[in-house]
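This briefing is for a reader who is new to protein structures. Please look at the sequence and the model first, then read the points by topic.

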Amino acid sequence: TLRLICTTTPVQRKNVGASGPEKYTEAFIKKQIEEFNLGKRHLANMMGEDPETFTQEDIDRAIAYLFPSGLFDKQARPVMKHPTEIFPEQRKIQWGEDGRPFNFLFYTGKQSYYSLMHETYEKLLSVQKHQDQLIAQDLPLQKEKRNLAGSRWLTKIELEEMLLEKVSDDDYSRFIKLLQKLVALPCADIEENYIQKFSKEVPVQLQKVVIEPLQHDERGVAFSTGEGKRKTARATAVVYDNGTGKITVNGVDILHYFPVLQDREQLLFPFQFLGRIGKHDMVCTVSGGGRSAQAGAIRLASAKALRSFVTEKEVEFMRQAGLLTVDPRVKERKKPGQEGPRRKFTWKKR
Amino acid sequence: MAAPSAAGLGRRLRAWLPRIMPVRWSRYNPSYLEPEAKKESYQKPLEELTEEEREHMELKAVRPIKAAPPSLSSSVFSDPMISKFTNMMMKSGNKVLARSLMSQTLEAIKRKQLEKYHKAPENEKETIECNPYVIFHQALKNCQPIIGLSNITKGGKTYQVPIPLTDNRKRFLAMKWLIAECRENKHRRTLMPEKLSQELLLAFNNEGPVIKKKHVLHKMAEANRAYAHFRWW
């Protein structure tokens, strides 16, 4: 007689990969939420705090205290959050008991994307019809221009989260073009509500950086400091008021430290832009980088220091002239299989 | 691999990474705008601006701006065309040498023009242009071709088809022809500034080998006029 010892025939083996990502049932999510709330109250009791007023920040602090972790990746550390944040939002089953899908576009594969495109195009057609009606009645078309500068469209990731399905780059750009076409029509104000679902406010004057007030040294002269960096160079600059326009770098005059005209031009750029060439004195220290990187670092440091001496409008002008942005360009790394960052090895036929 | 940089419009845009890394990419996020260094553009009152400029100004107030490169400055001596030309003349990153050659060229132009000015009779003195920057710009403008040729393969044969050129392409071709002309067709002992100033003055008066090259290109385009319909863009 043959004895079957622990063999899995292909029929019995379950193909785990083919079923796709785990599907969470509603009952499962509900249970997780109940467990979370219960666990929150237990944690509050453990920490000796009031269970009613235990916020998410308190939970994070408590977990960090009870389970200290030395792992570098923040996302690998122990986390206790509301289940809606941990389990990604998934679509419910798209078909009924008889197997027939609910949405008529189900068999396109991207049903929410195509239904969105259809809806937007319907709005476009209705706006055009309204426009034609106004022209037929000889009424003037409303020419109120929507302020495009204050808002931006949804990003691809935000759209994916809204539709709960993957959107490719091409599809996303098509959708944005359709929205732009809709907005460009004069009577688009009718569909303002619909358009607002897809646009987000951009705060005017990004990064309201706090401008430090002027400090005064022993002689009563006002001064301010700034730090700048470029590539590997780091610089600190101290700009004094009521000066003669002398600039000292690492204890040496700029004429000796920067023999090249281009670097000296860069140092004077912020002062020349504001028109304050002979009015300030500057003492800076710089280390690292090369000749041009050091000049760029000092330029950024002096521009940051000059912000305290100048009105807000002029700070905005300096920002638009590119004086207050850190230059993110660094040396590109060498890749394996190539001689340099871009240069490939000499191609030999054999 | 260094990824595109992150400052600006929030956490969502930070994750922007194209699926295939393009070869020409920059460390700035695509929403960053170019900086404007000229002081005069910031002192214009609001009424003088056109619609487009107003929109551009509003956009600039909201979007982040790239850092000004080291060749850009608000001083009267920095000129974007001259910096582009200096960069094209530069070999293996030796900007110091390229810049000194450029300044020697401008000085040579000034000297030649002043010599002509002092020798000329009274009535002709006003027609002689002494400003080397004006001469440089005018010479470049005279050297720019209007149409270019491109190779289009159709039915196995490659034809030279006349196509319109963008402004950037015209400027680039003019500068490249000038530099190539000065590097090749000169005596071994003549220095670059001398030869360049000579070429620029000839181009300013619509003479010289570079202008001839431009005319040759125009004639070729005129000769190949029959193939113009091969262009599909």
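This is a predicted model: local features need pLDDT of at least 70, side-chain atom pairs count only at pLDDT 80 or more; totals for chains, interfaces and linings use all residues.

Residues are numbered from 1 along each chain as its sequence is written, chains are lettered from A and ligands numbered from 1 in the order in which they are written, and side-chain values use heavy atoms, with hydrogens and water left out.

**Chain B as a whole**

- Chain B has nine helices and two strands; helices (H or I, at least four residues) and strands (E, at least two) are DSSP runs, numbered from the N terminus.
- Along the sequence of chain B, these elements follow the order α-α-α-α-α-α-β-β-α-α-α.
- Of the 233 residues in chain B, 37% are buried; buried means under 20% relative accessible area, exposed means over 50%, and partly exposed is in between (1.4 Å probe, protein chains only).
- The accessible surface of chain B is about 14,900 Å², and carbon and sulfur atoms account for 54% of that surface; such areas come from the Shrake-Rupley method with a 1.4 Å probe, and for residues only the protein chains shown count as cover.
- Among contacts (heavy atoms within 4.5 Å) in chain B between residues at least 6 apart in sequence, 63% join residues at least 24 apart.

**The interface between chains A and B**

- The size of an interface is often given as the accessible area lost when the parts come together.
- For chain B and chain A the buried area is about 3,700 Å², with 54% from carbon and sulfur atoms; this is the accessible area (1.4 Å probe) that two parts lose on being put together, summed over both.
- On the chain B side 41 residues are in contact with 45 residues of chain A.
- There is one salt bridge between the two chains, where a salt bridge is a side-chain nitrogen of Lys or Arg within 4 Å of a carboxyl oxygen of Asp or Glu.
- R99(B) and E265(A) form a salt bridge, with their closest N and O atoms 3.4 Å apart.
- Helices α1 (10-14), α3 (51-62) and α5 (95-119) of chain B each give at least two residues to the side that touches chain A.
- The largest share of that side, six residues, belongs to α3(B).

**A buried residue in chain B**

- F136(B) is part of helix α6 (residues 132-143) of chain B.
- F136(B) counts as buried because its relative accessibility is 0%.
- Leaving out residues up to four places away in sequence, F136(B) touches M81(B), I82(B), F85(B), M102(B) and L200(B).
- F136(B) and F204(B) are 68 residues apart along the chain, yet their C-alpha atoms are separated by 7.6 Å.

**Salt bridges**

- Over all chains, the structure holds 22 salt bridges.
- E52(A) and R41(A) form a salt bridge at 3.0 Å, N to O.
- E52(A) lies in the loop between α1 (26-47) and α2 of chain A and R41(A) lies in helix α1, so this pair ties together parts 11 residues apart in sequence.
- E52(A) is exposed at 59% relative accessible area, whereas R41(A) is partly exposed at 39%.
- E107(B) and R111(B) form a salt bridge with their closest N and O atoms 2.8 Å apart; both residues lie in helix α5 of chain B, four residues apart, about one turn of the helix.
- R152(A), E158(A) and K200(A) are linked in a network of salt bridges.

**Positive phi in chain A**

- Most residues other than glycine have a negative phi.
- L164(A), which is not a glycine, has a positive phi of about 60°, and L164(A) is in the loop between α5 (156-163) and α6 (169-184) of chain A.
- N242(A), also a residue other than glycine, has a positive phi near 50°, and N242(A) is in the loop between β5 (233-240) and β6 (247-249) of chain A.
- L164(A) is partly exposed at 29% relative accessibility, whereas N242(A) is exposed at 69%.
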